[in-house]
Amino acid sequence: MAEIGTEGMEPESSDSLRTFGAVVQALREHAGLSRVEFAPLVQFSKHTVASIELGRRMPDDAFVERAEEVLGNTGALRKAARHLSRQPGLAAWFRRWAGLEGTALSLCTYECRLIPGLLQTEAYARKLFVDQLPPLSDEQIEAQWVAREERQQLLRERPNTAFSFIVEEHLFKRHTGGVEVTRGLIDHVVDIAEPRNIELQVMPLVRETHAGLHGPMQLLETPENRWFAYCEGQESGQLIADPKVVSVLQMRYARMRSQALTPEDSLGLLRRMRGEL
């Protein structure tokens, strides 16, 4: 599954990504702009700009267009972007979703299998990577954690994006990685849920009606106010753009928000669980 192995991870750099990044950096420096000055002009964080310039991150269409406008509209970046490729790493079915996620106005995630990648601690994530089959090498595990940590910057870099998470209570009761890992995970999740743009709800273990029994889902709204969905299975995933299907998933997610504990009660439950460990 992408979440355990490669969901949201930035792949190993490729020659085309490094070349594109070098062109961006050269044009930026030619224009006399530092990364700190350039970042707000293209409406991305300085960390994202650095990742793109170093060839670690695939630029999305919005970055390419804004960078072109800021750096003289030469057309060089648009042409170079057509030839970008990645090394194996990010699951093919997840690539477009990952690009949409980076500029989303809102991002909704329901998960019943494991803690979503954006909420994971290093210890929890590494346990997932270590347990993955086929086994990963130490180098692959390290690369995957670095990529996941970078993706988690979304929560810090996008204060105007509304994040909603619904997670099943049993994911914390499973004690993945052991008691100490679970303690750290709960502390981390509680801290993450403090900003007003991040809402966390726990679906209680006992629930007579549940709108999410078809499985995990993610929903997002683009800056153009279009909605997309992403659903995932083992070694496969589906990006959904059909408005009728997305509407059904939105309906289910809305029902789950009413069935889950409130954000306040969810955090209270997690704190009690933490104290019982």
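**View 1. Strand β2 within the sheet.** Strand β2, which spans residues 162-168, is mostly covered, with six of its seven residues buried, where buried means under 20% relative accessible area, exposed means over 50%, and partly exposed lies in between (1.4 Å probe, protein chains only). Helices (H or I, at least four residues) and strands (E, at least two) are DSSP runs that are numbered from the N terminus. The model shown is predicted, so that local features need pLDDT of at least 70 and side-chain atom pairs count only at pLDDT 80 or more, while totals for chains, interfaces and linings use all residues. Residues are numbered from 1 along each chain as its sequence is written, and side-chain values use heavy atoms, with hydrogens and water left out. Strand β1 (residues 106-111) is joined to β2 by six bridges, and the two run parallel; two strands count as paired if DSSP finds at least two bridges between them. Along this pairing, Leu107 stands opposite Phe163 in β2, and Thr109 stands opposite Phe165 in β2.

**View 2. Strand β3 and its pairing with β2.** Strand β3 (residues 198-203) pairs with β2 in the parallel sense over six bridges. Ser164 has Glu199 in β3 as its bridge partner, and Phe165 stands opposite Leu200 in β3. Five of the six residues of β3 are buried, so this strand is largely enclosed by the rest of the structure.

View 3. Six strands form an open sheet of mixed pairing, in the order β3-β2-β1-β4-β5-β6. At the edges stand β3 and β6 (236-240), each with a single partner strand, so one side of each is left without a neighbour in the sheet. On average, neighbouring strands of this sheet are turned by 10 degrees against each other, with direction ignored; axes are lines fitted to C-alpha atoms, for helices over the stretch in contact, and angles run from 0 to 180 degrees between N-to-C directions. Helix α13 (residues 243-259) packs on the sheet and touches β1, β2, β3, β4 (217-221), β5 (227-233) and β6, contact meaning heavy atoms within 4.5 Å. The direction of α13 makes about 105 degrees with that of β4.

**View 4. Helices α12 and α14.** The axes of α12 (residues 179-192) and α14 (residues 263-276) come within 10 Å and cross at roughly 155 degrees. The two helices are therefore roughly antiparallel to each other, on a scale where angles under 35 degrees count as roughly parallel, over 145 as roughly antiparallel, 65 to 115 as roughly perpendicular and the rest as oblique. The crossing of α12 past α14 is left-handed; a crossing has this name if the near helix is turned anticlockwise from the far one by less than a right angle, and is right-handed if clockwise. Arg183, Ile186, Asp187, Val189 and Val190 in α12 meet Leu267, Leu270, Arg271, Met273 and Arg274 in α14. By class, this contact of α12 with α14 has six nonpolar, no polar and four charged residues, where Ala, Val, Leu, Ile, Met, Phe, Trp, Tyr, Cys and Pro count as nonpolar, Asp, Glu, Lys and Arg as charged, and the others, Gly among them, as polar.

**View 5. Helices α3 and α5.** Helix α3 (residues 35-42) packs with helix α5 (residues 61-70) at an angle of about 115 degrees, and their axes are 9 Å apart. In this pair, α3 passes α5 in a right-handed crossing. From α3, Phe38, Leu41 and Val42 meet Phe63, Arg66, Ala67 and Val70 in α5. The residues of this contact divide into six nonpolar, no polar and one charged.

View 6. The loop between α8 and α9 holds Pro134, which a cis peptide bond joins to Leu133, with omega of about -5 degrees.

**View 7. Individual loop residues.** Leu114, placed in the loop between β1 and α8, is buried, with a relative accessible area of 3%. The C-alpha atoms of Leu114 and Leu171 are separated by 5.9 Å, although these residues are 57 residues apart along the chain. Asn73, in the loop between α5 and α6 (76-81), is partly exposed, with a relative accessible area of 44%, and its phi is near 55 degrees, a positive value in a residue other than glycine. In the loop between β4 and β5, Asn225 has a positive phi of about 65 degrees although it is not a glycine.
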